[in-house]
Amino acid sequence: MQKQQDRCQIFTAVLFTFIFLLAVVSTTEAGKKEKPEKKVKKSDCGEWQWSVCVPTSGDCGLGTREGTRSGADCKQTMKTQRCKIPCNWKKQFGAECKYQFQAWGECDLNTALKTRTGNLKRALHNADCQKTVTISKPCGKLTKPKPQEPKKKKKEGKKQEKTME
């Protein structure tokens, strides 16, 4: 009989523990508020279209570009953005066109120039860029091969003397 009472007490303790844990979990979940879904704003505004970067002074450095978009519900249809044109970049390609260049080719002795080709890597702000470009630069110092000096015959003469002895 004692064993049966012990089992009953253990069962009761386990049952109360389970009910307690269930109550704790449900209270924790009840305390959390459901987040309302974010309202997706459907805008009638178009995408921004950007002009090329115009340097503030000179050919490169800091400048600005103008952006426009259209749409009936647009609060802002024009804005100006700061931009930068790298000073070491080739003006002929534009600052918005980024290219991946191959290694420089061999020097053309007729023109004293070497060339390399670049493939378009990225066009920023919807820029109109060429797919491939070719650039040239001077070869630099052309090294002419030095004429080889004739070998000295002293050593050969000494060798012959030794073999004759």
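Let's start with the pairing. E6 and E7 run antiparallel and pair over seven bridges. Two strands count as paired if DSSP finds at least two bridges between them. The names come from DSSP runs numbered from the N terminus: helices, H or I, have at least four residues, and strands, E, have at least two.

Some ground rules. This is a predicted model, where local features need pLDDT of at least 70 and side-chain atom pairs count only at pLDDT 80 or more, while totals for chains, interfaces and linings use all residues. Residues are numbered from 1 along each chain as its sequence is written, and side-chain values use heavy atoms, with hydrogens and water left out.

Back to the sheet. It is open, it has three strands, and the order is E5-E6-E7 with antiparallel pairing. E5 and E7 stand at the edges with a single partner strand each, so one side of each has no neighbour in the sheet. On average, neighbouring strands here are turned by 45 degrees against each other, direction ignored. That angle rests on axes, which are lines fitted to C-alpha atoms, for helices over the stretch in contact; angles run from 0 to 180 degrees between N-to-C directions.

How many bridges join E5 to E6? Five, and these two strands run antiparallel. Take two examples. Lys98 has Arg122 in E6 as its bridge partner. On the E7 side, Leu113 has Pro138 as its bridge partner.

Now the core. A nonpolar core is a set of buried Ala, Val, Leu, Ile, Met, Phe, Trp, Tyr and Cys residues joined through side-chain atoms within 4.5 Å. Buried means under 20% relative accessible area, exposed means over 50%, and partly exposed is in between, with a 1.4 Å probe and protein chains only. The largest core has seven residues: Phe93, Cys97, Tyr99, Phe101, Cys129, Val133 and Ile135. E5 and E7 are the elements that give two or more residues to this core. E5 gives the most, with three residues. As background, nonpolar side chains in soluble globular proteins tend to be buried together.

Look at Cys129 in that core. Beyond residues up to four places away in sequence, Cys129 touches Glu96, Cys97, Tyr99, Leu120 and Ala123. Contact here means heavy atoms within 4.5 Å.

Next, the disulfides. A disulfide is a pair of cysteine sulfur atoms within 2.5 Å. How many does a search of the whole structure find? Four. I'll walk through some of them.

Cys45 is joined to Cys74, S to S 2.0 Å. Cys45 sits in the loop between helix H1 (2-31) and strand E1 (49-50), and Cys74 in the loop between strand E3 (61-68) and strand E4 (78-85), so the pair ties together parts 29 residues apart in sequence. Are these two cysteines buried or exposed? Cys45 and Cys74 are both buried.

Next, Cys53 and Cys83, S to S 1.9 Å. The torsion about the S-S bond is about 90 degrees, so the disulfide is right-handed. Cys53 counts as buried, at 8% relative accessibility. Cys83 is buried too, with a relative accessible area of 8%.

Then Cys107 and Cys139, S to S 1.9 Å. Cys107 lies in the loop between strand E5 (97-101) and strand E6 (113-123), and Cys139 in the loop between strand E7 (132-138) and helix H2 (154-164), so parts 32 residues apart in sequence are tied together. With a torsion of about 100 degrees about the S-S bond, this disulfide is right-handed. Cys107 is partly exposed at 25%. Cys139 is buried at 14%.

Arg65 is in strand E3. At 6% relative accessibility, Arg65 counts as buried. Its side chain reaches the backbone oxygen of Ser51 at 3.3 Å. Leaving aside neighbours within four places in sequence, the contacts of Arg65 include Cys53, Cys83, Glu96 and His125. Lys79 is also on that contact list.

Lys79 lies in strand E4. Lys79 is partly exposed, with a relative accessible area of 30%. Lys79 and Glu66 are 13 residues apart in sequence and 6.0 Å apart in space, C-alpha to C-alpha. Not counting residues up to four places away in sequence, Lys79 touches Trp48, Trp50, Arg65, Glu66 and Gly67.

How values were computed: Polar contact = N/O pair within 3.5 Å; in protein donor to acceptor, adjacent residues only side chain to side chain.
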